[in-house]
Amino acid sequence: MSLMEINNLKKVYTTRFGGNQVVALSNVTFSIEVGEYVAIMGESGSGKTTLLNILASLDKPTSGEILLNGNSFSSIKDGKLSAFRRDHLGFVFQDFNLLDNFNLQDNIFLPLVLAGTPYREMEKRLKPIAKKLEIEDLLHKFPYEVSGGQKQRAAVARALITNPELILADEPTGALDSKSTDHLLSLFSEINNEGQTVLMVTHSVKAASHAKRVLFIKDGEVFHQIYKGSMTNELMYQKITDTLTLLATGGKRID
Amino acid sequence: MTKSFYLKLAFSNVRKNARLFAPYILMNIGIITMFYIMHAISVNEGLNTMPGSDSLKFMLSFGTYVIAIFSAIFMFYTNSFLIKRRKKEIGLYNILGMGKRHIGIMLLLESMIIAVICIGVGLISGMVLSKLMYLILLKILSFSVTMGFTVSISSITLTILFFSSVFFVTLIYNLGHIHLSNPIQLLKGSAVGEKEPKTKWIMTLLGLVALGAGYFLALTVEEPLQALLVFFVAVILVMIGTYFLFIAGSIAALKLLKKNKAFYYKANHFTSISGMIYRMKQNAVGLANICILSTAVLVTLSTTVSLYIGMEDVLNIQFPSDVYIRNYDAEANDIKVINDKVDLLAEKNNIKITDRYGFKYMYISTLKSDHQLKYDIQYDVSSKRVDITFVTASDYEQLSGENLTLDPDQIVLFTNSENYGFDQIKLEGQTLNIVNELDHFGGITKASQPLNTEYYFIVKDEKTMINLVETATKKSDRLIDYQLTFNNSGNNADLSRFNQELMSDLTSNISSTSVRSKLLAKSDFFSVYGGFFFIGIFLGALFLMATVMIIYYKQISEGYDDKIRFEIMQKVGMSMTEIKRTIKTQIVMVFFLPLLFAIIHIAFAFNVITKLLFLFSFTNIPLFIVCTFATILAFGLIYLLVYFLTARAYYRIVK
């Protein structure tokens with residue numbers, strides 16, 4: 001069953017004084033199935049971030065539509081958008097986006113508090129997640145007291161705690177060292193194996209090689225995709241590198 | 001790099017940072033204008049022709065010093081905000097290859113540009129407004145004098161010198177700040193991770209105790225004369241309490257709220273409380289400053305306005321009669337000369353004299369407990385103090401027209417407050433039987449709350465009087481004095497001439513004679529209270545300006561800090577309306593907390609201030625209440641206006 005359908009998405013930015021039009025996304029169509037782990041790759045300026053912002057309902061497309069569980073984003077009223085984001089989507093960002101005036105526990109609670117969840121319920125939900133992410137001992141520390149990897153795991157916990165249908169990750173390993181990157185990627189695989197749908201935008205071939213499917217975007221379109229199937233991470237890594245080389249050297253579409 | 005390049009850079013820096021610099025420049029212009037006006041008026045030749053000009057000039061030059069001190073403090077304070085905000089910009093210049101020396105030149109030029117603008121515009125507006133202010137002052141003093149437009153060279157020189165040096169000192173501070181930090185520190189600027197503040201229970205407790213003690217003192221003081229000392233102690237205690245409570249108490253209270261999980265983990269409390277903890281950590285001192293400044297503005301304005309409006313009452317209380325003539329060591333001849341002179345001058349000036357009361361008297365100060373009066377040589381300031389004036393029965397007969405025969409141990413009593421109410425009173429062991437209590441003595445009537453308690457003892461004759469006093473004081477050199485009081489009427493010019501001639505003639509021709517005239521005192525009153533009023537308004541305006549400035553810069557600097565925070569919250573699922581609501585709770589709390597505390601301070605200070613006003617013979621409490629409310633209202637409105645303006649600036653930044 002498909003969780004999210006993206007149909008003919010187009011995004012055109014108009015410069016302020018009505019002059020030039022910049023096409024960020026020209027025609028993007030794909031879908032995400034329940035339980036999938038999708039990575040989106042592309043060079044800088046290929047439209048990755050625009051796509052993610054639109055999927056996160058932080059930005060609106062010029063045309064085309066997005067359906068989550070068959071419901072169109074455009075049918076949601078502006079006032080309900082933030083509640084929608086909170087209830088259905090979880091976010092992991094490159095620069096963690098933790099609030100430094102909250103300790104990790106309160107940072108993780110933030111979306112639940114906004115949704116009006118009682119404290120008991122929040123605590124009950126936090127326990128297993130904190131255990132899985134190995135941040136139980138850090139919950140009362142403040143963001144500036146822990147390492148980048150620990151911060152990112154707290155951010156993952158914040159994304160997971162609302163039981164979202166889809167996790168959107170924007171370069172989640174971008175600010176991490178290689179050890180923390182490995183840890184985080186194996187975590188993503190683990191939660192995905194437990195049924196969580198994940199969509200990740202990344203530059204990193206290593207990060208993408210953990211995904212079950214990789215989409216390549218070029219010039220605002222989905223240019224190519226690779227399914228991992230039964231490939232090992234190493235083989236997947238090789239395949240992605242080949243595709244990227246092809247993309248960079250201006251090769252034709254290979255299906 | 002050429003000189004013109006630096007100049008261009010400095011100019012464009014000032015222009016680009018307009019949002020930061022404009023209020024600073026405006027405040028400086030205002031301060032410089034006020035300083036110039038105050039000094040120019042204090043040295044104005046025209047004031048010399050006015051009665052009581054000495055005390056007025058003293059007050060005005062005192063006002064100039066006060067303005068100078070506060071200006072320097074405010075300018076320095078605001079400047080430190082600016083340089084903190086600009087760290088990043090300066091760090092960037094540093095990284096792009098400008099050495100510390102080059103940055104120094106740039107900052108020097110910037111300071112010079114700002115100084116020239118501020119001092120130049122300040123002087124011009126000062127010159128323009130000083131004429132207006134001078135006229136307002138004369139109007140306040142109800143004194144008319146023809147004056148041309150004068151520009152005071154000495155004021156201009158002083159203003160330029162003083163403010164140039166203040167700018168110079170701030171520049172040195174800025175250079176020191178830049179010099180001490182490396183480019184990375186500069187670039188990071190204010191964005192260093194803030195630690196969550198610890199709860200300081202002891203400080204909170206001390207703050208509560210200090211505030212409580214200050215309030216208690218202010219509430220329980222009963223004696224006007226004690227009030228002065230108590231007031232200063234209470235002010236210091238309340239200031240300490242305010243600082244401690246803003247710094248530690250606010251955080252303690254917020255942490256307590258945070259501990260209450262059911263309360264804390266609610267959408268609108270969650271972000272507000274944790275946000276407030278950090279805001280209070282950074283802003284406690286600034287907010288305490290605002291609170292104390294606001295209190296100062298309110299107290300200064302309400303009291304000076306009350307005194308000025310209530311001046312006529314005060315004058316009537318201090319002068320039940322129009323003229324008081326006193327002669328010490330009165331001999332029969334002196335008494336005759338005084339009375340003849342009064343008649344002569346009155347006739348010459350067409351003055352009608354009424355309510356004329358003359359009597360010889362002796363005076364001692366005592367301390368009263370129950371029915372005992374003890375001689376007090378030190379003239380103690382105490383609620384027990386009773387001043388006794390002895391008058392003979394024959395003098396009383398003369399001034400009242402009633403017949404009175406007394407035995408040596410009998411007296412007729414008049415008290416200037418409530419009746420004594422008993423048959424006997426003891427003065428240093430001498431028992432006196434009270435035959436009668438009067439409800440007025442000559443022109444003196446009873447008052448509800450007199451500054452000093454005064455008893456008049458009417459005794460058999462001079463011998464009895466001397467005997468009583470000498471026994472009480474255990475000294476034999478006490479002198480008998482004479483007092484003559486009367487009211488006068490006539491046309492204004494005649495009255496003025498009569499009073500002045502009386503004063504100069506009597507005091508120069510008869511030894512140890514003093515003359516106090518209501519008419520002459522009135523112009524002194526006008527210059528003193530009018531001067532107070534004028535300076536009160538000036539200082540009020542200055543404090544208000546400083547308050548506004550501190551608030552503005554607080555909002556702006558917080559706006560930049562909060563911007564990032566709210567972006568994150570939006571991504572995590574907080575809607576724009578929710579964000580606006582948290583912002584609003586936070587600014588409203590930060591903004592109105594100082595005002596709220598200032599009003600509470602005023603409420604508790606009310607008792608002690610009314611007691612202090614008694615010292616100025618001001619007893620019209622309803623008037624004081626009205627003035628206080630009016631000042632609070634006016635101040636509150638201005639405060640509200642500033643809130644809306646700065647809140648707009650804040651929202652613009654956060655968005």
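This is a predicted model: local features need pLDDT of at least 70, side-chain atom pairs count only at pLDDT 80 or more; totals for chains, interfaces and linings use all residues.
Two residues are in contact if their C-beta atoms, placed from the backbone, lie within 7 Å.

**View 1. Ala157(A) and its contacts.** Which residues touch Ala157(A), leaving aside its neighbours within four places in sequence? They are Ile108(A), Ile129(A), Ala130(A), Leu133(A) and Ile135(A). Ala157(A) also belongs to the largest nonpolar core, where Ala157(A) and Leu542(B) have the most contacts inside the core.

**View 2. The largest nonpolar core.** This core has 190 residues. Helix α17 of chain B, residues 518–572, gives the largest share, with 23 residues. Two domains of chain B each contribute at least three residues: domain 1 (1–192) and domain 2 (195–318 + 550–655). In soluble globular proteins, nonpolar side chains tend to be buried together.

**View 3. Chain A as a whole.** Chain A holds eight helices and 10 strands. Its radius of gyration is 18 Å, close to the 18 Å that the globule rule gives for 255 residues, so chain A is as compact as a globular protein of that length. The C-alpha trace of chain A spans about 55 × 45 × 40 Å along its principal axes. Of its 255 residues, 42% count as buried. Take the contacts in chain A with a separation of 6 or more: 72% of them join residues 24 or more positions apart.

**View 4. Where chain A meets chain B.** Here 21 residues of chain A are in contact with 18 residues of chain B. On the chain A side, three helices each supply at least two residues: α2 (78–88), α3 (104–115) and α4 (119–133). Which of the elements gives the largest share of this side? It is α3(A), with six residues. By type, the chain A side divides into 12 nonpolar, five polar and four charged residues.

**View 5. The domains of chain B.** Chain B is divided into domain 1 (1–192), domain 2 (195–318 + 550–655) and domain 3 (319–517). Domain 2 is written as two stretches of sequence, 195–318 and 550–655. The centres of domain 1 of chain B and domain 2 of chain B, taken over C-alpha atoms, are 28 Å apart.

**View 6. Ile37(B) in its helix.** Ile37(B) sits in helix α2 of chain B, residues 18–42. Is Ile37(B) buried or exposed? A residue is buried if 20 or more other C-beta atoms lie within 10 Å of its own. Ile37(B) has 27 C-beta neighbours inside 10 Å, so Ile37(B) counts as buried. Leaving aside neighbours within four places in sequence, its contacts are Gly126(B), Leu129(B), Ser130(B) and Met133(B). Lys131(B) is 94 residues from Ile37(B) in sequence, yet 8.5 Å away in space, C-alpha to C-alpha.

**View 7. Strand β4 of chain B and its partners.** Strand β4(B) covers residues 385–392 and is mostly covered, with six of its eight residues buried. Strand β2(B), residues 352–369, runs antiparallel to β4(B), and seven bridges join the two. In this region Ile364(B) stands opposite Ile388(B) of β4(B). Strand β10(B), residues 453–459, pairs with β4(B) in the parallel sense, over seven bridges. One bridge links Thr389(B) to Tyr456(B) in β10(B).

Notes. Residues are numbered from 1 along each chain as its sequence is written. Chains are lettered from A and ligands numbered from 1 in the order in which they are written. Domain bounds come from an automatic or database domain assignment. Helices (H or I, at least four residues) and strands (E, at least two) are DSSP runs, numbered from the N terminus. The radius of gyration is taken over C-alpha atoms; the globule rule is 2.2 Å times the number of residues to the power 0.38. A residue is buried if 20 or more other C-beta atoms lie within 10 Å of its own, exposed if 12 or fewer, and partly exposed in between; C-beta atoms are placed from the backbone. Ala, Val, Leu, Ile, Met, Phe, Trp, Tyr, Cys and Pro count as nonpolar, Asp, Glu, Lys and Arg as charged, and the others, Gly among them, as polar. A nonpolar core is a set of buried Ala, Val, Leu, Ile, Met, Phe, Trp, Tyr and Cys residues joined through C-beta atoms within 7 Å. Two strands pair if DSSP finds at least two bridges between them.
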